[in-house]
Amino acid sequence: MNKDSKWIYHPQWEPAPCDARYGNPSPCFRNEFSVSAPVAKAILRVTALGVCKVKINGEFVDSDRFVPGWTDYRQRIYYEEYDVTGMIRAENCIFAVLGDGWY
């Protein structure tokens, strides 16, 4: 993991109360960031205990549906890597939604 990378997490790991009609809500993460100079290369590495979907500036970073896919989370956590250089602007917003998937 890059020295500048950080794990993000949901502040309350307790399951939300379940409404039988809709199930538990999916946690969402959103962050805005700025860049002050042209970006030569931007790589996004994404993983989840379950599955996730990520947008940058309103556009999905991929066409996959369930990332990172099935794994035995007790042994390893796979990640996906995306070149998002062309998606980065001066002002940016990154958004991720999580699902429990196979976790």
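1. A salt bridge is a side-chain nitrogen of Lys or Arg within 4 Å of a carboxyl oxygen of Asp or Glu. Keep that in mind as you look at this model, which is predicted. Arg30 and Glu32 meet the definition, because their closest N and O atoms are 3.0 Å apart. Side chains of opposite charge can pair when their charged atoms come close.

2. How open to the surroundings is this pair? Arg30 has a relative accessible area of 56% and is exposed. Glu32 is exposed too, at 52% relative accessibility.

3. Start with Lys41 and Asp83, whose closest N and O atoms are 3.0 Å apart in a salt bridge. Lys41 sits in the loop between β1 (28-34) and β2, while Asp83 belongs to strand β5, so this pair ties together parts that are 42 residues apart in sequence. Lys41 counts as exposed, at 56% relative accessibility, and Asp83 as partly exposed, at 48%.

4. Next, look at Glu81 and Arg45, a salt bridge with its closest N and O atoms 2.8 Å apart. This pair also links distant parts of the chain: Glu81 is in strand β5 and Arg45 in strand β2, 36 residues apart. Glu81 is partly exposed, at 45% relative accessibility. Arg45 is partly exposed as well, with a relative accessible area of 45%.

5. Now turn to the strands themselves. How many bridges join β2 to β5? There are four, and the two strands, β2 (residues 43-46) and β5 (residues 80-83), run antiparallel. As one example of the pairing, Val46 has Glu80 as its bridge partner in β5.

6. Strand β2 also shows two faces. Leu44 and Val46 make up the covered face, and Ile43 and Arg45 the uncovered one. In a regular strand the side chains alternate between the two faces of the sheet.

7. Finally, charged residues are not the whole story of the surface. Which residues form a nonpolar patch there? They are Phe66, Trp70 and Trp102, with about 430 Å² of accessible area together. Trp102 is found in the segment after β6 (91-99). Its relative accessible area is 45%, so Trp102 is partly exposed.

Key
Residues are numbered from 1 along each chain as its sequence is written. This is a predicted model: local features need pLDDT of at least 70, side-chain atom pairs count only at pLDDT 80 or more; totals for chains, interfaces and linings use all residues. Side-chain values use heavy atoms; hydrogens and water are left out. Buried means under 20% relative accessible area, exposed over 50%, partly exposed in between (1.4 Å probe, protein chains only). Two strands pair if DSSP finds at least two bridges between them. Patches are made of residues with over 30% relative accessible area and no salt bridge: like charges are joined within 9 Å, nonpolar side chains (Val, Leu, Ile, Met, Phe, Trp, Tyr) within 5 Å. Accessible areas come from the Shrake-Rupley method with a 1.4 Å probe; for residues, only the protein chains shown count as cover.
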